[in-house]
Amino acid sequence: MNEVTTFSATVSATIRDGILVVTIDNAPVNATSADVRSGLEKALAHADAAPGIRGVVITGAGKTFIGGADIREFGKPAIEPILPVVIEKIEASSKPVVAALNGAALGGGLELALACHYRIASPSAQVGLPEVKLGIVPGAGGTQRLPRLIGVPAAIELIASGRIAKAKEALSLCILDELAETDLVDAAIEAARRLTGASPRKTGELTAAPADPTEIDKASGKILAKARGQKAPAEAVRLVASSHRPLAAGLADERATFLTLRDSREAAALRHIFFAEREASKVAGLEGIDARPVVTIGICGLGLMGSGIAVAALGAGYTVIGLDQSLEAAQKGRQRIIGLLERNLASGRLDQAGFEAQATRLSVTVTDADLAPCDLVIEAVFDDLTVKIDLFRRLDKVVRPETILATNTSYLNPDEIAAATAHPERVLGLHFFSPAHVMRLLEVVRCKETALDVLATGLAVAKRLRKLPVVTGVTEGFIGNRIFSAYRREAEYLLEDGALPHEIDAALEDYGFPMGLFAVYDMAGLEIAWARRKRQAAIRDPSERYVEIADRLCEAGRLGQKSGRGWYAYPDGKRTIDPEVTAIIEAERAKRSIAARSFSQDEIQKRLLNAMAAEGEALLAEGIAARASDIDLVMINGYGFPAYKGGPMFAKS
Ligand SMILES: CCCCCCCCCCCCC[C@H](O)CC(=O)SCCNC(=O)CCNC(=O)[C@H](O)C(C)(C)COP(=O)(O)OP(=O)(O)OC[C@H]1O[C@@H](n2cnc3c(N)ncnc32)[C@H](O)[C@@H]1OP(=O)(O)O
Ligand SMILES: NC(=O)c1ccc[n+]([C@@H]2O[C@H](COP(=O)([O-])OP(=O)(O)OC[C@H]3O[C@@H](n4cnc5c(N)ncnc54)[C@H](O)[C@@H]3O)[C@@H](O)[C@H]2O)c1
């Protein structure tokens with residue numbers, strides 16, 4: 001058994017065939033924390049001083065090589081040695097240093113590997129510089145070394161997008177030198193021995209050929225357009241595009257840029273979201289509670305939502321049994337689902353074998369009894385309480401006692417649905433967002449009676465569906481639609497008070513929303529909200545301010561884009577300010593004797609953000625939302641709130 005040398009709590013090494021094999025073991029993702037950096041520095045010094053050591057291999061314990069710098073250290077005083085110093089020592093080593101990527105090499109992890117003299121990876125490894133997703137740029141040489149290896153255009157695309165590349169692509173890009181078909185560390189030791197005595201391959205000594213502006217624009221154009229309003233991607237492009245400079249100058253510029261961005265509000269917001277996403281599935285009281293096994297999912301109602309949910313479930317490996325109310329509807333639903341699978345096949349998201357496997361796991365029926373094998377049944381039938389209650393009572397008779405029943409309702413009360421069944425403890429809400437096979441957000445609705453293991457199962461299914469689950473209590477509209485309603489109400493107050501739809505939409509788009517509220521309304525259609533307002537008219541609180549402008553539009557047949565007119569006119573499909581709408585708004589103001597005034601974009605943004613945050617505070621006070629960051633996740637992932645602003649609760653703080 002080779003003797004183990006410990007250099008720090010998280011860095012140890014053994015010597016094999018004259019090669020020092022250094023292992024980073026810093027759960028959960030081998031982030032380059034201060035202890036890791038210190039251990040690596042000592043290991044390098046040890047190798048340098050030991051005549052019997054001819055080379056070094058650096059690898060990670062567990063399933064990750066290095067998940068990046070330790071994000072939790074950001075915003076705290078730097079602890080020496082800083083990562084760039086460790087990386088420079090690797091590159092300057094007189095003995096060959098080989099990176100053995102046993103898993104993901106991301107951010108600082110890839111930057112460390114780029115400074116090694118050879119990079120070998122397991123076929124399952126992934127590489128990337130995702131720093132822009134945290135509002136920063138690579139700060140340990142990535143913007144300077146990567147283009148020296150793969151060229152400026154390819155480096156711009158990877159760094160400005162922050163995307164992750166699989167091992168095969170990384171090899172083809174020359175980020176990696178070799179894929180280990182056998183034991184990774186054995187192959188890395190062999191590589192280190194081959195490099196012993198040869199002149200070291202120092203990435204930093206390569207020269208990045210200058211790229212011409214057209215190449216730079218081609219590599220960055222779409223990425224920067226999509227990242228509208230964010231600083232980091234543009235800074236990444238600038239740093240990579242100027243990587244033909246001497247290395248020292250490029251590294252200095254990169255570090256200064258990294259530090260500026262790291263301390264920005266945008267980076268703080270994106271770090272907030274990074275950790276919020278991981279917090280959201282941690283529900284108090286579920287520790288040690290096992291989820292029930294789910295293999296077969298029933299989906300009742302194969303319309304817009306049900307078909308999307310079916311595609312998501314098939315893609316996650318579940319068997320799906322779809323039920324609709326007639327053979328025609330069931331067949332139509334099946335066709336809709338197969339059509340979506342065929343789109344995935346055509347786009348390359350699915351290969352032929354995958355398509356056939358998923359299609360084989362789908363069956364549709366009109367017979368309740370065919371749902372007997374289901375471990376979970378999700379209903380997505382008409383949003384009518386009687387229909388849903390009747391369905392759940394029918395399901396009670398055919399599924400097993402441990403089968404979980406979930407409702408996808410947007411606005412009905414899941415507690416009322418649960419109360420109508422024989423086993424309310426097995427009922428919860430799974431509120432998908434449309435299109436259900438695309439949108440990550442999934443509100444997991446905890447009903448009054450929902451059992452803990454049922455809730456745990458909902459979260460486990462959400463994770464397997466690659467959704468972002470956020471637990472909510474029962475209230476009308478749950479977290480997202482309740483805040484959206486408050487935000488819409490405030491926007492309509494602003495209309496009565498003097499603003500116009502295009503001014504409000506411009507203020508929202510200036511803030512970072514991809515599309516303003518009224519433009520979204522026209523796209524979704526005004527009739528659903530109108531029908532709900534008419535249903536609620538009888539129970540509306542007369543003391544509450546109610547704006548009738550939207551009712552006037554609907555009464556005039558202005559139901560949105562599909563009717564050619566809504567909050568805007570759409571001559572030849574182009575959204576256009578419509579004086580008729582302005583006249584309707586002015587008439588409503590006159591009815592209320594409101595003296596209209598103009599509003600600045602800042603005033604509009606503040607009023608709408610305050611309305612969202614106030615409703616969020618109410619949701620927290622009522623115990624509907626467990627934490628403010630959950631509310632931020634819902635508004636970012638379900639309603640277009642710009643992630644780099646952190647969400648309404650973060651923005652308010
Ligand atoms: C005078 C001197 C002044 C100072 C000078 C300073 C000079 C400049 C120094 C520059 C140093 C920076 C260098 C570098 O360019 C910057 C970076 O590397 S930023 C980080 C980049 N990496 C990432 O963005 C990857 C983030 N992580 C992931 O994508 C995933 O976690 C994963 C690695 C793919 C693993 O995925 P999963 O297996 O699903 O695991 P989870 O995502 O659930 O995470 C598990 C657990 O780990 C926590 N975690 C993950 N990554 C990090 C991280 N990088 N830092 C800290 N913690 C991390 C995550 O929050 C989970 O925690 P838990 O919920 O379990 O508590
Ligand atoms: N549309 C959205 O954006 C959205 C978003 C989230 C949640 N939801 C909720 O999802 C549910 C379905 O919405 P949708 O937009 O998919 O509706 P839809 O009209 O597109 O589909 C409903 C489907 O249910 C079927 N159906 C109706 N009654 C049935 C019954 N008794 N048994 C079996 N099948 C029956 C219909 O034939 C139809 O195929 C609603 O509760 C809605 O609130 C909708």
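Helix H4 (residues 142-150) is covered by several other helices, including H2 (83-92), H3 (108-115), H5 (152-161), H9 (232-241) and H10 (247-262), which pack over its buried residues. Helices here are DSSP runs of H or I with at least four residues and strands are runs of E with at least two, numbered from the N terminus. Of the 9 residues of H4, 8 are buried, where buried means under 20% relative accessible area, exposed over 50% and partly exposed in between (1.4 Å probe, protein chains only). The buried residues are Gly142, Thr143, Gln144, Arg145, Leu146, Pro147, Arg148 and Ile150. Just after H4, Gly151 has a positive phi of about 95 degrees.

The model is predicted: local features need pLDDT of at least 70 and side-chain atom pairs count only at pLDDT 80 or more, while totals for chains, interfaces and linings use all residues. Residues are numbered from 1 along each chain as its sequence is written, chains are lettered from A and ligands numbered from 1 in the order in which they are written, and side-chain values use heavy atoms, with hydrogens and water left out.

The chain is assigned domain 1 (5-266), domain 2 (296-474) and domain 3 (480-623), with bounds that come from an automatic or database domain assignment. The centres of domain 1 and domain 2, taken over C-alpha atoms, are separated by 43 Å.

Asn26 is located in the loop between strand S3 (19-24) and helix H1 (34-49). Asn26 is buried, at a relative accessible area of 16%. A polar atom of the Asn26 side chain lies 2.7 Å from the backbone oxygen of Ala31, and the side chains of Asn26 and Ser33 are joined by a polar contact of 3.2 Å. A polar contact is a pair of N or O atoms within 3.5 Å; within protein, one must be able to donate a hydrogen and the other to accept it, and residues adjacent in sequence count only if both atoms are side-chain atoms. Apart from neighbours within four places in sequence, Asn26 is in contact (heavy atoms within 4.5 Å) with Thr10, Ala31, Ser33 and Val36.

The whole structure holds 46 salt bridges, each defined as a side-chain nitrogen of Lys or Arg within 4 Å of a carboxyl oxygen of Asp or Glu. Glu169 and Arg163 form one of them, at 2.5 Å from N to O. Glu169 is partly exposed at 28% relative accessibility, and Arg163 is partly exposed at 26%. Arg194 and Glu178 form another, at 3.5 Å. Because Arg194 lies in helix H7 (residues 184-195) and Glu178 in strand S11 (residues 178-179), this pair ties together parts that are 16 residues apart in sequence.

Arg558 and Glu580 also form a salt bridge, with their closest N and O atoms 3.2 Å apart. Arg558 lies in the loop between helix H22 (549-555) and helix H23 (579-591), and Glu580 lies in H23, 22 residues apart. Arg558 is buried at 0% relative accessibility, whereas Glu580 is partly exposed at 46%.

The axes of helix H19 (residues 501-511) and helix H20 (residues 517-524) come within 7 Å and cross at roughly 105 degrees. H19 is therefore roughly perpendicular to H20; angles under 35 degrees count as roughly parallel, over 145 as roughly antiparallel, 65 to 115 as roughly perpendicular and the rest as oblique. Axes are lines fitted to C-alpha atoms, for helices over the stretch in contact, and angles run from 0 to 180 degrees between N-to-C directions. Pro501, Ile504, Asp505 and Leu508 of H19 meet Leu517, Phe518 and Ala519 of H20.
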